[in-house]
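Colleague: Please take me through this model one topic at a time, and give me the cut-offs as you go.

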Amino acid sequence: MSRRVTILLAALLFALPAVPAAASGECVVLLHGLARVSNSMGELERKLGHSGYSVANISYPSTREPLDVLANDAVGRGLEACRQTGAEVIHFVTHSLGGILLRYYHQSQGIAELGRVVMLGPPNQGSELVDGLDGVPGFGILGPTGRALGTEPEDIPRQLGPVAFELGVIAGDVNLNPLSLFLIDGANDSVVSVESTRVEGM
C-alpha cells in the first residue's frame with residue numbers, strides 16, 4: 001500500500017476524538033477484494049494495530065461462492081471477531097469486492113455498531129471490465145460473484161441502494177492494463193472507473 005493511500009486512510013478513518021482506540025472499544029474489519037486473500041491487507045492491519053485498534057483481517061473464498069453467501073460469511077465473521085474484543089464501534093476498510101459485500105450485508109441486516117467505512121476502488125456502480133470480458137473463455141475463473149459485478153441493472157452493484165453510513169471512497173486513476181483502455185471510459189485503475197466508484201450517500 002502506498003504512503004499516499006495510507007495518509008488518505010488516516011485522514012478518513014482516524015480523524016476521531018483524541019481517545020486511545022483500545023480504551024474506546026473500537027475495532028476495524030478489513031475485507032480484501034476479488035481473487036485476493038487477507039495478506040493483501042496485511043500492511044494496513046499492522047498500521048491499524050500499531051495505532052491501537054483491534055483488527056479483524058478476514059479471508060474469504062471470493063471466487064467460489066455467490067455474493068450473498070460471501071457477504072454473510074465474511075462480514076459476519078468480521079463482526080463476530082470484533083464483538084469478541086468488546087468493541088463498541090466497528091469500522092470497515094474494504095478493497096474492491098469487499099465494499100460490495102459490506103453494502104449488501106448492511107442493506108439486508110444492518111450493523112448496529114457500524115462506525116466509519118473507507119472503500120478502496122469499489123465497483124459501486126459495477127465494473128466495465130466485467131461487462132467487456134463476460135463470455136470470454138477463462139472469465140469464469142472469477143466465479144459467480146465476479147460475473148455479477150457488471151454495470152447492468154440486473155447486476156448486484158446496481159441493485160443496492162444509497163449507503164446509510166459514513167463513507168469515504170478512494171479511487172485510483174492509473175491504468176496498468178492496456179486492455180482496459182478499450183473497455184473502460186474515463187480515468188480508471190484498470191478494473192473500475194473513478195466514476196463507477198461513486199455511490200449516493202458517500
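Colleague: What pLDDT do side-chain atom pairs need before they count?

Modeller: On the bookkeeping side, residues are numbered from 1 along each chain as its sequence is written, and side-chain values use heavy atoms, leaving out hydrogens and water. As the model is predicted, totals for chains, interfaces and linings use all residues, local features need pLDDT of at least 70, and side-chain atom pairs need pLDDT 80 or more.

Colleague: How many helical turns separate D73 and R77?

Modeller: Helices are DSSP runs (H or I, at least four residues) and strands likewise (E, at least two), numbered from the N terminus. An α-helix has 3.6 residues a turn, so residues three or four places apart point the same way. D73 and R77 are 4 residues apart in helix α4, so the separation is about one helical turn.

Colleague: Are D73 and R77 buried or partly exposed?

Modeller: Buried means under 20% relative accessible area, exposed over 50%, and partly exposed in between (1.4 Å probe, protein chains only). D73 has 27% relative accessibility and R77 has 37%. By those cut-offs, D73 and R77 count as partly exposed.

Colleague: How many salt bridges does the structure hold?

Modeller: E195 and R198 form another at 3.2 Å, N to O; E195 is exposed at 54%, whereas R198 is partly exposed at 40%. For the structure, the number of salt bridges is 5.

Colleague: In which helix do E43 and K47 sit?

Modeller: At 30% relative accessible area E43 is partly exposed, and K47 is too, at 34%. Being 4 residues apart puts about one helical turn between E43 and K47, and the helix that holds them (residues 42-50) is α3.

Colleague: What arc do the buried residues of α3 cover around its axis?

Modeller: The residues concerned are G42, L44 and L48.

Colleague: At what angle do α4 and α5 pack?

Modeller: Axes are lines fitted to C-alpha atoms, over the stretch in contact for helices, and angles run from 0 to 180 degrees between N-to-C directions. Here the axes of α4 (residues 67-84) and α5 (residues 97-109) are 9 Å apart, and the angle is about 85°.

Colleague: What does that make α4 relative to α5: roughly parallel or roughly perpendicular?

Modeller: Angles under 35 degrees count as roughly parallel, over 145 as roughly antiparallel, 65 to 115 as roughly perpendicular and the rest as oblique. By that scale, α4 and α5 are roughly perpendicular.

Colleague: How many nonpolar residues are in the contact of α4 with α5?

Modeller: Contact means heavy atoms within 4.5 Å, and it includes L67, L70 and V75 of α4 along with I100, L101 and Y104 of α5. Ala, Val, Leu, Ile, Met, Phe, Trp, Tyr, Cys and Pro count as nonpolar, Asp, Glu, Lys and Arg as charged, and the others, Gly among them, as polar. The contact has 1 charged and 3 polar residues, and its nonpolar residues number 12.

Colleague: How far is the C-alpha atom of L67 from that of I100?

Modeller: L67 lies in helix α4 and is buried at 3% relative accessible area. Leaving aside neighbours within four places in sequence, its contacts include L97, I100, T145 and I156. L67 and I100 are 33 residues apart along the chain, yet their C-alpha atoms are separated by 8.7 Å.

Note on methods. A salt bridge is a side-chain nitrogen of Lys or Arg within 4 Å of a carboxyl oxygen of Asp or Glu.
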